[in-house]
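Hi everyone, thanks for coming. I'd like to walk you through one model today, so please have the viewer open.

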Amino acid sequence: MSQKTETKAARPMNRANDTDRHVGTRIRERRIMLGLSQQQMADLIGVTYQQAHKYERGINRISAGRLYEIAQVLGVPVGFFYEGLENRRGGDLSARQRMCLELARNFTSISNEKHQDALSQLARALASEG
């Protein structure tokens, strides 16, 4: 048996991979966008905080049934978690990505439509300045 085959055979079959990490990242992004803590998310899907954390980090694999339940709680289709998988580049959210998610979450929390519109116009004006 070659060294490569021995290494492959010694690896646990249920070990998480890049796809599991991508799905976990998408769960985390959506949870943050909705303003949920990891504990709140865990409570909603009936797992411990530690298990929810492991799902988001891609440490533990998520069963099909659990992923469906998570999609229901987060209000997205299951396919949402696989979007962007083909051209995935990195692992964790960058500071800029986190800021964008936070901005989106805060924007949706503004109940006054006039304030939302004003903020949107401000963003457009700042973006056009270069």
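A quick reminder before we start: what you see is a predicted model.

So, the core. The largest nonpolar core has 17 residues, and the members that touch the most others are Ile27, Ile62, Ile70, Leu74 and Phe81. Two or more residues come from each of helix 2, helix 3, helix 4 and helix 5. Helix 5 is the biggest giver, with four residues.

Let's zoom in on Ile27. Leaving aside residues up to four places away in sequence, Ile27 is in contact with Met41, Glu56, Ile62, Leu67, Ile70, Leu74 and Phe81.

Now turn to helix 5, residues 64-74. Which of its residues are buried? They are Leu67, Ile70, Ala71 and Leu74. If you look down the axis of helix 5, these buried residues fall within an arc of 100°, so they line one face of the helix. And what covers them? The cover includes helix 2 (18-34), helix 3 (38-45) and helix 4 (49-57).

Last stop, the surface. Please find Leu119, which sits in helix 7, residues 113-128. Together with Leu122 and Leu126, Leu119 forms a nonpolar surface patch with about 260 Å² of accessible area in total. Leu119 has a relative accessible area of 32%, so it counts as partly exposed, the range between buried, under 20%, and exposed, over 50%.

That's my tour; I'm happy to take questions.

How values were computed:
Residues are numbered from 1 along each chain as its sequence is written. This is a predicted model: local features need pLDDT of at least 70, side-chain atom pairs count only at pLDDT 80 or more; totals for chains, interfaces and linings use all residues. Side-chain values use heavy atoms; hydrogens and water are left out. Patches are made of residues with over 30% relative accessible area and no salt bridge: like charges are joined within 9 Å, nonpolar side chains (Val, Leu, Ile, Met, Phe, Trp, Tyr) within 5 Å. Accessible areas come from the Shrake-Rupley method with a 1.4 Å probe; for residues, only the protein chains shown count as cover. A salt bridge is a side-chain nitrogen of Lys or Arg within 4 Å of a carboxyl oxygen of Asp or Glu. Buried means under 20% relative accessible area, exposed over 50%, partly exposed in between (1.4 Å probe, protein chains only). The arc is that of the directions from the helix axis to the C-beta atoms. Contact means heavy atoms within 4.5 Å. A nonpolar core is a set of buried Ala, Val, Leu, Ile, Met, Phe, Trp, Tyr and Cys residues joined through side-chain atoms within 4.5 Å.
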